[in-house]
Amino acid sequence: MLQSALAPNGPEAAAIAGISWLLFIGAAVIFVAVMALAALAVSGRAPRLGRHGVIVAGGVVFPLVVLSALLVYTLVRGASLGAPGEPALRIAVTGHQWWWEIAYLRADGSVDFVTANELRLPVGQTVELLLRSGDVLHSFWVPALAGKLDLVPGKENRLRLAAARAGAWRGQCAEYCGGPHAQMAFYVIAAEAEAFEQWRAGQRLPAASGGDAQGRRLFLARCASCHTVRGTAAEGRLGPDLTHVASRVSLAAGILPNDTGTLRDWIASSQHVKPGNLMPSFAELGDAELQALAAYVGSLR
């Protein structure tokens, strides 16, 4: 499942699911037992239930022992959360209103390349995420791989996770951050090591564009103040880096499929698609201009 804590695909998510299932099953068993005893007591078929010793055992000793055992188990198990081993890769994730900036880091901590709204990981390797906020409080949550962790302004939190198999999973901002918070999603895509390295090598390169000259001119005139496309004069930092946007699986922070038609609609009327986002709509552009601009952006691979 794309976004489910009940279908873990990594060690941290599996540990969280194990704790959850134990608590769910334990609570269900205790509930059924209590209801059965209550039914016996109401029916008058078990007069011994009213004895002092039974009340103390059932009302004090049993809850104390069981709840203490569950508490110790969850504390010990919770302390071990996080993918094991030293991270093979560090990625800085910065939450913005309402999108995700993803910066892959070199071994010395400098930025290798930047992408947006899509996190790619090598299968079976521990990855450490450096979680930061560019404005307000956000929360990073990809249920299939890990638990929630907040992105706090002025503070860096760290989350380790690993993907047990190749696949794609949806994540979500889990802390209300204003406006279109519910539409601040992202995708995590795990690939085998060789495929991941090929993808990473491609991301380091400038964009390979096949768009026509008109679309490029429109982009530089209308979009370059907010967006970056490496290899061009576009060096804006207010919005997502679009260097290889056409190679991503989604648009608008995980809420739209990535194709030229959807991209055209997003450019023309982003406020209709995602009300309250900080990108203006460009409805004043003619059909030919919108098509040229969408074709250019859709060629950035």
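**Strand pairing, helices and salt bridges in a predicted model**

Phe140 has Cys173 in strand S9 as its bridge partner. The structure is a predicted model, in which local features need pLDDT of at least 70, side-chain atom pairs count only at pLDDT 80 or more, and totals for chains, interfaces and linings use all residues. Residues are numbered from 1 along each chain as its sequence is written, and side-chain values use heavy atoms, with hydrogens and water left out. Helices (H or I, at least four residues) and strands (E, at least two) are DSSP runs, numbered from the N terminus.

Strand S6 pairs with two strands. Two strands count as paired if DSSP finds at least two bridges between them. S6 and S9 (residues 167-173) are antiparallel and share two bridges. S6 (residues 138-141) also runs antiparallel to S7 (residues 149-151), with three bridges between them. On the S7 side, Phe140 faces Leu149. In a regular strand, side chains alternate between the two faces of the sheet.

Helix H1 spans residues 11-43. Its 33 residues reach 48 Å from the first C-alpha to the last. This is close to the 48 Å expected at 1.5 Å a residue; the expected span is 1.5 Å times one less than the number of residues. Glu12, Ala13, Ala15, Ala17 and Ile19 of H1 are buried. Buried means under 20% relative accessible area, exposed over 50%, and partly exposed in between (1.4 Å probe, protein chains only). Helix H2 (52-79) and strand S8 are among the elements that cover the buried residues of H1, where cover is by contact, meaning heavy atoms within 4.5 Å. Just after H1, Gly44 takes a positive phi of about 80°.

Val29 also lies in H1. Val29 counts as exposed because its relative accessibility is 53%. Together with Leu6, Trp21, Phe24 and Ile25, Val29 forms a nonpolar surface patch with about 540 Å² of accessible area. Patches are made of residues with over 30% relative accessible area and no salt bridge; like charges are joined within 9 Å, and nonpolar side chains (Val, Leu, Ile, Met, Phe, Trp, Tyr) within 5 Å. Areas come from the Shrake-Rupley method with a 1.4 Å probe, and for residues only the protein chains shown count as cover.

The whole structure holds 13 salt bridges. A salt bridge is a side-chain nitrogen of Lys or Arg within 4 Å of a carboxyl oxygen of Asp or Glu. One of them links Glu156 and Arg132, with the closest N and O atoms 2.8 Å apart. Glu156 lies in the loop between S7 and S8 (157-161) and Arg132 in strand S5 (residues 127-133), so the pair ties together parts 24 residues apart in sequence. Glu156 is partly exposed at 31% relative accessibility. Arg132 is partly exposed, at 31%.

A salt bridge also joins Glu197 and Arg200, again with the closest N and O atoms 2.8 Å apart. The two residues are three apart in helix H3 (residues 193-203), so about one helical turn separates them. Glu197 is partly exposed at 38% relative accessibility. Arg200 is buried at 15%. Shared partners in salt bridges join Arg90, Glu128, Arg132, Glu156, Arg158 and Arg160 into one network.

Several loops carry backbone features. A cis peptide bond joins Gln97 and Trp98, with omega about 0°. Trp98 sits in the loop between strand S1 (89-96) and strand S2 (99-105). Asn117 has a positive phi near 60° and is not a glycine. The loop holding Asn117 runs between strand S3 (111-116) and strand S4 (118-122). Asn117 is buried, at 9% relative accessible area.

Ala253 lies in the loop between S11 and S12. Ala253 has a positive phi of about 60°, although it is not a glycine. Ala253 is buried, with a relative accessible area of 1%. Gly254 lies in the loop between S11 (250-251) and S12 (256-257). Gly254 counts as buried at 6% relative accessibility. Not counting residues up to four places away in sequence, Gly254 touches Arg170, Ala185, Phe186 and Tyr187.

Thr262 lies in helix H5 (residues 260-268). Thr262 is buried, at 16% relative accessible area. Neighbours within four places in sequence aside, Thr262 contacts Leu251, Leu256 and Pro257.
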